Amino acid sequence: MRVMRALLCSLLLLPACHSDWGDGMQAFEDARYPQAAASFRHYESAARALPARDFAEYALYRGLTHLALGDSVAAARWLGTAKSAADKSPSLFDDAERGRLLAAWRSMGHMAGE
């Protein structure tokens with residue numbers, strides 16, 4: 001996952017990946033959610049050109065960021081995109097990412113029967 005992103009950045013989108021996608025991920029990991037959201041928003045156009053797996057990862061972390069900020073509408077949109085991709089391809093995310101996705105989805109009341 002990170003190797004693929006690094007390769008993609010080095011080959012196609014070095015300035016955008018470094019300044020936006022990478023900064024957004026770092027801000028997310030550091031719990032600097034307003035900065036992460038701004039980076040992800042700025043990178044959205046370029047993210048839509050990513051391979052499906054990478055766009056799903058972008059959607060997951062953008063959705064988690066919005067959820068952390070309390071923006072349930074945006075969180076549902078982006079996590080829904082990630083969930084739809086994961087449902088179509090169950091091996092799309094690693095166990096940790098899938099766990100994050102399902103926990104977020106459940107916390108928003110989208111898991112039937114729970």
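Biologist: Let's start with aromatic rings. Which residues form one aromatic cluster?

Modeller: Rings of Phe, Tyr and Trp (its six-membered ring) pair if their centres lie within 6.5 Å; planes under 30 degrees apart count as stacked, over 60 as edge-to-face and the rest as tilted. Here Phe40, Tyr43, Phe55, Tyr58 and Trp78 make up one such cluster. The whole structure holds 7 aromatic pairs. Take Phe55 and Tyr58: their ring centres are 5.8 Å apart and their planes meet at 25°, so this pair is stacked.

Biologist: What should I know about where these values come from?

Modeller: This is a predicted model, in which local features need pLDDT of at least 70 and side-chain atom pairs count only at pLDDT 80 or more, while totals for chains, interfaces and linings use all residues. Residues are numbered from 1 along each chain as its sequence is written, and side-chain values use heavy atoms, with hydrogens and water left out.

Biologist: How many residues apart are Phe55 and Tyr58 in helix H3?

Modeller: Helices (H or I, at least four residues) and strands (E, at least two) are DSSP runs, numbered from the N terminus. Phe55 and Tyr58 are 3 residues apart in helix H3, which means about one helical turn separates them.

Biologist: Are Phe55 and Tyr58 buried or exposed?

Modeller: Buried means under 20% relative accessible area, exposed over 50%, and partly exposed in between (1.4 Å probe, protein chains only). Phe55 counts as buried at 16%, and Tyr58 is buried with a value of 0%. For a partly exposed case, look at Ser89, at 29%, in the loop between H4 and H5.

Biologist: What is Tyr58 in contact with, leaving aside neighbours within four places in sequence?

Modeller: Contact means heavy atoms within 4.5 Å. With those neighbours set aside, the partners of Tyr58 are Trp21, Phe40, Arg41, Tyr43, Glu44, Ala47 and Trp78. Thr65 also lies in helix H3 and is buried, at 1% relative accessible area. Counted in that way, Thr65 is in contact with Phe28, Tyr33, Ala36, Ala37 and Phe40.

Biologist: Which residues touch the most other members of the largest nonpolar core?

Modeller: A nonpolar core is a set of buried Ala, Val, Leu, Ile, Met, Phe, Trp, Tyr and Cys residues joined through side-chain atoms within 4.5 Å. The largest one has 27 residues, and Tyr58, Leu60, Leu79 and Phe93 touch the most other members. Helix H1 (2-29), helix H2 (33-47), H3, H4 and H5 each give two or more residues to this core. H3 provides the largest share, 7 residues.

Biologist: Which residues of H5 are buried, and why do they line one face of the helix?

Modeller: Glu97, Leu101, Ala104 and Trp105 are the buried residues of H5. Seen down the axis of H5, they fall within an arc of 100° (taken from the directions from the helix axis to the C-beta atoms), so they line one face. Helix H3 (52-68) and helix H4 (72-88) are among the elements that cover them. On the other side of H5, Asp95, Ala96 and Ser107 are exposed.

Biologist: And what comes after H5?

Modeller: Met108 is in the segment after H5. Not counting residues up to four places away in sequence, Met108 touches Leu67, Ala75, Ala76 and Leu79.
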